[in-house]
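I opened this notebook to record what I looked up in the structure. The entries follow the order of my reading.

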Amino acid sequence: MDNFFLIIFFFLLNLFIFLNFTKIEKIIYISDKPSGELKKHKKPVSLLGGFIILLNFYLIFISFNFLNLENLIFNQKFTYILIILSSLFYIIGLIDDLKNLTPNLKLLLICLSFVIVAYFFPDIKLKYIRISFLDKVYYFNNFSFIFLILAFALLSNALNMFDGINLQVGSYCIIIFGIFIFKNLFTSLSIILILSILLYLYFNFKNKSFLGDSGTQILAFLISYILIKSYNYENAFRPEEIFVILSIPGLDMFRLFLFRLIKGKNPFQPDRNHIHHILLNKLKYNLTFFTIQILIIFNIVFYYLIYTKIIALILTFTSYILLLILFTKNRNKI
């Protein structure tokens with residue numbers, strides 16, 4: 001019953017933000033300015049999307065602690081880790097939005113954030129990886145912290161690079177939080193985060209708000225944290241399941257890294273060769289958005305329906321490659 005009233009409270013909170021968005025935007029004026037080739041919007045756009053999610057998260061933290069709910073994610077040992085790292089990730093992203101940090105400096109700040117937190121909270125770690133179709137378990141032991149940093153940093157960069165057209169990252173994150181609800185993991189938390197993302201999506205659709213690096217950073221952190229914590233303590237996810245869920249942004253990131261390195265460029269240097277840019281060369285925006293979202297959903301649903309998981313992994317990788325091949329051919333825009 002407490003969970004129900006809590007969700008109603010957050011629904012009303014986000015409704016209040018929705019009705020007063022313009023006033024809040026004037027008070028907290030953070031905008032993304034157009035910069036020619038990489039940023040095509042014609043005028044500055046509010047970056048309140050990330051702030052809305054951060055505000056919801058802080059209030060979730062206060063409410064859950066006050067009502068003693070969802071102790072798995074908000075227990076005493078990890079409470080400060082969650083708050084400190086989410087705040088640091090948001091601040092790093094916000095500084096990047098305002099000052100355009102170099103990719104190397106941003107990565108360094110993310111890694112440094114983990115090092116500082118790990119120094120005070122050495123229990124945070126990624127313990128092992130279990131490959132179900134190989135029936136093998138690999139323990140990270142002394143390298144667990146390195147793999148933890150790698151996992152957070154990679155998803156952070158993947159989501160940031162995936163955030164190239166309106167609605168894309170927000171809709172994708174709703175799919176992920178929907179999976180958490182389906183698996184009965186952090187249900188109240190996921191519902192509330194979905195409410196805040198839906199609010200952002202409305203204004204993003206109207207081209208009135210972007211997530212910015214600050215928004216993608218905090219979403220990447222929350223998703224990474226829930227996945228790793230569920231994996232470590234409940235075995236709720238398999239590694240191949242996580243791969244399929246994160247496959248499209250992840251594969252696109254690795255492709256871009258590889259091609260940039262081959263060309264002698266910094267792998268973190270932004271460009272317009274992402275999967276959505278490739279599709280936009282052949283399709284209109286709506287078809288581009290729906291094509292990518294349908295591919296994500298198809299791969300995830302196929303994974304849960306098929307018994308032999310290795311086939312799902314092969315299909316996920318193959319579908320991404322085929323999409324690239326199909327839309328890099330010289331065709332007229334639909």
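I took helices to be DSSP runs of H or I with at least four residues, numbered from the N terminus. The model I read is a predicted one.

Entry one, the surface. I looked for nonpolar patches and noted one formed by Phe4, Phe5, Ile8, Phe11, Leu12, Leu15, Phe18, Leu19 and Tyr202. Together these residues have about 880 Å² of accessible area.

I placed phenylalanine 11 in helix α1.

My search of the whole structure gave 17 aromatic pairs. In one of them, phenylalanine 18 and tyrosine 202, the ring centres are 5.0 Å apart and the planes stand at 65°, so I recorded the pair as edge-to-face. This pair links distant parts of the chain, with phenylalanine 18 in helix α1 and tyrosine 202 in helix α8 (residues 187–205), 184 residues apart. I listed tyrosine 202 as partly exposed because its relative accessible area is 37%.

I then turned to phenylalanine 18 and phenylalanine 203, whose ring centres are 5.6 Å apart with planes at 45°, so the pair is tilted. Phenylalanine 203 lies in helix α8, 185 residues from phenylalanine 18. Is phenylalanine 203 buried or exposed? At 6% relative accessibility, I counted phenylalanine 203 as buried. I noted that Phe18, Phe21, Tyr202 and Phe203 form one aromatic cluster.

Entry four, charges over rings. I found the charged end of lysine 183 over the ring of phenylalanine 237, 4.9 Å from its centre.

Note on methods: Residues numbered from 1 in each chain as written. Predicted model: local features only at pLDDT ≥ 70, side-chain atom pairs only at ≥ 80, totals over all residues. Heavy atoms only, no water. Patch = residues over 30% accessible without salt bridge, like charges linked within 9 Å, V, L, I, M, F, W, Y side chains within 5 Å. Areas by Shrake-Rupley, 256 points an atom, 1.4 Å probe, with all protein chains shown as cover. Salt bridge = Lys/Arg side-chain N within 4 Å of Asp/Glu carboxyl O. Helix = DSSP H or I, 4+ residues; strand = E, 2+ residues; numbered from the N terminus. Phe/Tyr/Trp six-rings, centres within 6.5 Å; stacked < 30°, edge-to-face > 60°. Buried < 20%, exposed > 50% of the residue type's maximum accessible area, 1.4 Å probe, protein only. Lys NZ or Arg CZ within 6 Å of the ring centre and 35° of its normal.
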